[in-house]
Number of protein chains: 2
Amino acid sequence: MRIALLGGTGNIGEGLALRWAQDTDHEIVIGSRNAEKGMTRARDYRNRLSEHGVEADLSGTSNTGAAAGSRVVVTSVPPAYAADTIEAVRDDLADKAIVVSPAVGMVRDETGFHYDAPEAGSIAETVAAATPDGVPVVSAFQNLAAGALTDLSNELNLDVVISGDDAEARNVLKKLAEEINGLRALDAGALANSAEIESITPLLINLAMYNDGMHDLGIQFR
Amino acid sequence: MRIALLGGTGNIGEGLALRWAQDTDHEIVIGSRNAEKGMTRARDYRNRLSEHGVEADLSGTSNTGAAAGSRVVVTSVPPAYAADTIEAVRDDLADKAIVVSPAVGMVRDETGFHYDAPEAGSIAETVAAATPDGVPVVSAFQNLAAGALTDLSNELNLDVVISGDDAEARNVLKKLAEEINGLRALDAGALANSAEIESITPLLINLAMYNDGMHDLGIQFR
């Protein structure tokens, strides 16, 4: 399966790219608004994977080039750019493409980080509004810390919560998430349930701030 | 320490009462708007604890009678009654009393349960607005399922997230939460961070609805 990480040059995009490249045989394509930057970062990821003995099927290009032909298209960009990023590639989306939204809007004040709900209710719903009709949007991966993923020696033991209005697309993402060693994917139903998932992320940062020895936190349900 | 569970005749109040009675030597007082009902429920709880070999220091009375002399006063009532409940006992609060808010506002539609943020930002902040100046309010226990607590044979292995503007009060609650076997308490800082904690609760219900074999879910951070 071809997986595009739009804006995959940093943060959660980097983490997912490295883990999928390490743990699966999928074709990983790093997209960037600047194709040159996408290629440079892909080379950097391949080198890091190779230090871990992984020969990765991982390349870099423009966001439109990455989206073209990909079954799964992840908008791994800051929340303010999520809708624009998907709009910029809407004509390049493959038949049966699934768009995945991992972004979270947050604001910070003197008391910590807070969830900043967009007009649509959640970033995932904002992305869905910008996505062509008939292309399913799945919300996932918000509660994984980039640092926990990019440190490839770190053993994950975490849950990922999946929501979206298309049950088949949710299942594709559930499987894809669980192909990463140490992740369990849970189904949260409709995309309207994404806000409660997104809003856990600022709490994870606050907990890391207020509790000694905790960092790059994730969650487990039990 | 004397702990009052206002509206402790059902749900999370019942769960906390049984667990504190079982695992600690604190004096537990069940409050109800109807003192008779408080007493009846307390007798019922004592009988259930006694079946588990626990001789509990647990009694029942009115909400005002429960609040009087208590170091910790938990507003374990439905969210719509939380502010009124604390207003009804404000003249009975002891010096150094700490008010604890475990309630969560939710709405349900065809897609599942959703967090229903009150005007003040969270139920805990709503309770704080109704609490006399100088009495600290702590947000805690929202993400524990009543069913997981009331089944005394169920081994807990869960996190409780504590927030509040008074660091000393947060510490009292952190300790009190961890006196229940199997609970770990984490500090989330200011009361303004309560919304993100409260909003996990509808997600827990949605996950139990959409994932086979999951029920009475709680959370662990790692």
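## Reading the model

Tutor: Start with A:Leu152, which lies in the loop between α6 (146–150) and β9 (158–164) of chain A. Helices (H or I, at least four residues) and strands (E, at least two) are DSSP runs, numbered from the N terminus. This is a predicted model: local features need pLDDT of at least 70, side-chain atom pairs count only at pLDDT 80 or more, and totals for chains, interfaces and linings use all residues. Residues are numbered from 1 along each chain as its sequence is written, while chains are lettered from A and ligands numbered from 1 in the order in which they are written.

Student: Is A:Leu152 exposed, partly exposed or buried, and what decides that?

Tutor: Count neighbours. A residue is buried if 20 or more other C-beta atoms lie within 10 Å of its own, exposed if 12 or fewer, and partly exposed in between, with C-beta atoms placed from the backbone. A:Leu152 has 16 C-beta neighbours inside 10 Å, so it counts as partly exposed.

Student: Which residues does A:Leu152 touch?

Tutor: Contact means that two C-beta atoms, placed from the backbone, lie within 7 Å. Leaving out residues up to four places away in sequence, A:Leu152 touches A:Leu18, A:Gln22 and A:His52. Now look at A:Leu49. A:Leu152 and A:Leu49 are 103 residues apart in sequence, yet their C-alpha atoms are 8.6 Å apart in space.

Student: How do I describe a pair of helices?

Tutor: Two packed helices are described by the angle between their axes and the distance between the axes. Axes are lines fitted to C-alpha atoms, for helices over the stretch in contact, and angles run from 0 to 180 degrees between N-to-C directions. Take helix α1 (residues 11–23) and helix α2 (residues 35–51) of chain A: their axes come within 11 Å and cross at roughly 45 degrees. That makes α1(A) oblique to α2(A). The cut-offs: under 35 degrees is roughly parallel, over 145 roughly antiparallel, 65 to 115 roughly perpendicular, and the rest oblique.

Student: What is the handedness of the crossing of α1(A) and α2(A)?

Tutor: Right-handed. A crossing is left-handed if the near helix is turned anticlockwise from the far one by less than a right angle, and right-handed if clockwise.

Student: Which residues make the contact?

Tutor: α1(A) gives A:Ala17, A:Leu18, A:Ala21 and A:Gln22, and α2(A) gives A:Tyr45, A:Arg48 and A:Leu49. They divide into 5 nonpolar, 1 polar and 1 charged. Here Ala, Val, Leu, Ile, Met, Phe, Trp, Tyr, Cys and Pro count as nonpolar, Asp, Glu, Lys and Arg as charged, and the others, Gly among them, as polar.

Student: Next, the sheets. How do I read one?

Tutor: Strands of a sheet pair through backbone hydrogen bonds, either parallel or antiparallel. Two strands pair if DSSP finds at least two bridges between them. In chain A, 8 strands form an open sheet in the order β3-β2-β1-β4-β5-β8-β9-β10, with mixed pairing. β3 (58–62) and β10 of chain A stand at the edges with a single partner strand each, so one side of each has no neighbour in the sheet. The twist averages 25 degrees from one strand to the next.

Student: Show me one pairing.

Tutor: Strands β4 (residues 72–75) and β5 (residues 98–101) of chain A pair in the parallel sense over 3 bridges. A:Val73 stands opposite A:Val99 in β5(A).

Student: What is the strand order in chain B?

Tutor: β3-β2-β1-β4-β5-β8-β9-β10, again an open sheet of 8 strands with mixed pairing. In chain B, β1 (residues 2–6) and β4 (residues 72–75) pair in the parallel sense over 4 bridges. B:Ile3 stands opposite B:Val72 in β4(B).

Student: How many residues are in contact between chain A and chain B?

Tutor: 28 residues of chain A are in contact with 28 residues of chain B. On the chain A side, α9(A) gives the largest share, 6 residues. That side divides into 15 nonpolar, 10 polar and 3 charged residues. Strands bridge the chains too: 3 bridges join β11(A) to β11 (residues 219–221) of chain B, and the two run antiparallel. A:Gln220 has B:Gln220 as its bridge partner in β11(B).

Student: Why is α9 (residues 200–210) of chain B described as largely enclosed?

Tutor: 8 of its 11 residues are buried, so α9(B) is largely enclosed by the rest of the structure. Among them are B:Leu203, B:Leu204 and B:Leu207.
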